[in-house]
Amino acid sequence: MDRTLEIAHGTPLDAALSASLVFDVAHLFAGALVLISFLMLYQDRLYALLKVFALQAVVLSLSVGWQALAQDAPHLYVTAAIALVFKAVVIPLALARMVKRLGIHRQVETVVSIGPTMLAGIALVALSLVVMLKATADVGGAADALAREDLAFALSVVLLGLLMMVTRRNAVSQVIGFMSLENGLILAATGAKGMPLVVEISVAFSVLIALIVIGIFLFRIRERFDTVDVDALDRFRGGRA
């Protein structure tokens, strides 16, 4: 993040204002990602969940684009474009078509109710902020302080994605939770001075391949058991045993 504190070349006041702007906008995007993760936990309809996930991908692309500007890292613009095209458009449309073709129940079935899930999410965010900020307390510099706080927000997104996977019974909603978790990893990587371009592209293709494989398995499971509800599949397995 060498450019984070070098955006302005004017007076010290201009430099301070520019650095403050970098912090404020970066925190705005990172905080918005955490808020959208809570919105995803709150959704009880698959199509609404897909729309909120697409919104999260759009905000992620904006966050990565801002980090590319602040860090003077052009390769991060590629990461932002990948997130915008694939995660905000291609993957939500593919999952929506999959839900329609499989005739999956549109209601998102949860292991526990929304209230306790949201409380657990708040506790995980608080834990993320305390643990990450304390673990990186010895890191100095204003640019590094921005990276520390971005990592704390990113860990929150990762844990909220994991919480969605644990508290949802439908396989499609669990897939969305996994991809939300991966959004948090991207936020962490870009906030910590980015990833090599080859790694970013390989991660994007890995996600697409995983989506294709998951789609194939969902079709096969639907054909064989007439459901993709994880709890129903567990009951069927218990009955066979």
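Trainee: Why is Ser37 called buried?

Mentor: This is a predicted model, and in it Ser37 has a relative accessibility of 3%. Buried means under 20%, so Ser37 counts as buried.

Trainee: Where does Ser37 lie, and which residues is it in contact with beyond its sequence neighbours?

Mentor: Ser37 lies in helix H1, which covers residues 12–42. Leaving aside neighbours within four places in sequence, Ser37 is in contact with Gln56, Val157, Leu160 and Ser180. Contact here means heavy atoms within 4.5 Å.

Trainee: And Ser156, how do you know whether that one is buried or exposed?

Mentor: Run the test again. Its relative accessible area is 1%, and the cut-off for buried is under 20%, so Ser156 is buried. Ser156 lies in helix H5 (residues 142–167). Beyond four places in sequence, Ser156 is in contact with Val34, Val125 and Ser128.

Trainee: How far is Ser156 from Ile122, in sequence and in space?

Mentor: Ser156 and Ile122 are 34 residues apart in sequence, and their C-alpha atoms are 9.3 Å apart.

Trainee: Let's step back to the whole chain. What makes up its fold?

Mentor: Eight helices and zero strands. Read from the N terminus, the elements go α-α-α-α-α-α-α-α. Of the 241 residues, 45% count as buried. Take the contacts between residues at least 6 apart in sequence: 76% of them join residues at least 24 apart.

Trainee: What about helix H2, how does its reach compare with the expected value?

Mentor: H2 (residues 46–71) has 26 residues and reaches 37 Å from first C-alpha to last, close to the 38 Å expected. H2 is mostly covered too: 19 of its 26 residues are buried.

Trainee: Leu55 lies in H2. Why isn't Leu55 called buried?

Mentor: Leu55 has 40% relative accessibility. Buried needs under 20% and exposed needs over 50%, so at 40% Leu55 counts as partly exposed.

Trainee: Which nonpolar patch does Leu55 belong to?

Mentor: Leu55 forms a surface patch with Val58, Leu62, Leu84, Val85, Val89, Val90 and Leu93. Together they have about 630 Å² of accessible area. The elements giving two or more residues to the patch are H2 and helix H3 (75–102). H3 gives the most, with five residues.

Trainee: What makes Glu182 and Lys87 a salt bridge?

Mentor: The closest N and O atoms of Glu182 and Lys87 are 2.0 Å apart. The cut-off is within 4 Å, and the pair meets it at 2.0 Å. Glu182 is in helix H6 and Lys87 is in helix H3, 95 residues apart, and the pair links distant parts of the chain. Both Glu182 and Lys87 are buried. The structure holds one salt bridge.

Trainee: What is worth a look just after H2?

Mentor: Asp72, which takes a positive phi of about 55°. Most residues other than glycine have a negative phi. Asp72 is not a glycine, yet its phi is positive. Asp72 lies in the loop between H2 and H3.

Trainee: Why is Asp72 called exposed?

Mentor: Asp72 has 51% relative accessibility. Exposed means over 50%, so Asp72 counts as exposed.

Trainee: Last one: how confident is the predictor in the chain and its elements?

Mentor: The chain averages a pLDDT of 76, and 66% of the residues score at least 70. Among the elements, H2 has the highest mean pLDDT (90), while helix H8 (residues 230–240) has the lowest (54). Over residues 1–10, pLDDT stays under 50. For residues 1–10 the model has 24 contacts beyond four places in sequence.

Notes. Residues are numbered from 1 along each chain as its sequence is written. This is a predicted model: local features need pLDDT of at least 70, side-chain atom pairs count only at pLDDT 80 or more; totals for chains, interfaces and linings use all residues. Side-chain values use heavy atoms; hydrogens and water are left out. Helices (H or I, at least four residues) and strands (E, at least two) are DSSP runs, numbered from the N terminus. Buried means under 20% relative accessible area, exposed over 50%, partly exposed in between (1.4 Å probe, protein chains only). The expected span of a helix is 1.5 Å times one less than its number of residues. Patches are made of residues with over 30% relative accessible area and no salt bridge: like charges are joined within 9 Å, nonpolar side chains (Val, Leu, Ile, Met, Phe, Trp, Tyr) within 5 Å. Accessible areas come from the Shrake-Rupley method with a 1.4 Å probe; for residues, only the protein chains shown count as cover. A salt bridge is a side-chain nitrogen of Lys or Arg within 4 Å of a carboxyl oxygen of Asp or Glu. pLDDT is the predictor's confidence in each residue, from 0 to 100.
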